[in-house]
Amino acid sequence: QVQLVDSGGGSVQPGGSLRLSCAASGIIFSIHTMNWYRQAPGKQRELVAAITSGGSTNYADSVKGRFTISRDNAKNTVYLQMNTLKSEDTAVYYCNVRTILPPSTEYWGQGTQVTVSS
């Protein structure tokens with residue numbers, strides 16, 4: 001079955017950096033768009049960044065210039081490098097994929113907590 005395992009979260013001070021990882025299994029990783037979402041307390045889950053099978057990327061305006069999404073198809077892993085972190089980046093971060101082959105199904109990682117605080 002499809003499994004996404006998120007890791008790399010933690011607590012950092014404002015201005016710090018973290019790198020999240022999401023290891024995928026059970027899918028043909030290289031053909032799928034991979035996404036990172038986040039959900040802060042009391043807020044809706046929001047799309048942070050996406051990377052297509054061809055390597056094209058898309059970012060939420062709030063993280064442009066600070067976050068970088070990348071993928072390693074040989075390792076079936078997607079990354080989110082987060083720099084210049086702000087307190088408003090505090091959230092649980094989730095890896096996400098919607099499978100291409102029918103029946104198209106959406107899967108989520110278990111989430112990893114990122115806390116930015118002084």
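Buried means under 20% relative accessible area, exposed over 50%, and partly exposed in between, using a 1.4 Å probe and protein chains only. The model is predicted, so local features need pLDDT of at least 70 and side-chain atom pairs count only at pLDDT 80 or more, while totals for chains, interfaces and linings use all residues. Residues are numbered from 1 along each chain as its sequence is written, and side-chain values use heavy atoms, with hydrogens and water left out.

**Stop 1: the core.** Select Trp36, Val78, Leu80, Met82 and Tyr93, which touch the most other members of the largest nonpolar core, a set of 30 residues. Such a core consists of buried Ala, Val, Leu, Ile, Met, Phe, Trp, Tyr and Cys residues joined through side-chain atoms within 4.5 Å. Strands that each supply at least two residues to this core include strand 4 (34-39), strand 8 (77-82) and strand 9 (91-98). Strands (E, at least two residues) are DSSP runs, numbered from the N terminus.

**Stop 2: Val78 and Ser21.** Show what is in contact with Val78 (heavy atoms within 4.5 Å). Leaving aside neighbours within four places in sequence, the list includes Leu20, Ser21, Cys22, Trp36 and Cys95. Move to Ser21, in strand 3. Ser21 is buried, at 17% relative accessible area. Among the residues Ser21 touches, not counting those up to four places away in sequence, are Val5, Asp6, Thr77 and Tyr79.

**Stop 3: salt bridges.** A salt bridge here is a side-chain nitrogen of Lys or Arg within 4 Å of a carboxyl oxygen of Asp or Glu. The structure holds five. Select Arg38 and Asp89, whose side chains meet at 3.0 Å, N to O. Arg38 lies in strand 4 and Asp89 in the loop between strand 8 and strand 9, so the pair ties together parts 51 residues apart in sequence. Arg38 has a relative accessible area of 5%, and Asp89 has 0%. Next, select Arg98 and Glu106, a salt bridge at 3.5 Å, N to O. Arg98 is partly exposed at 45%, as is Glu106 at 33%.

**Stop 4: Ile100.** Ile100 is in the loop between strand 9 and strand 10 (106-108). Ile100 is partly exposed, with a relative accessible area of 48%.

Technical notes: Helix = DSSP H or I, 4+ residues; strand = E, 2+ residues; numbered from the N terminus.
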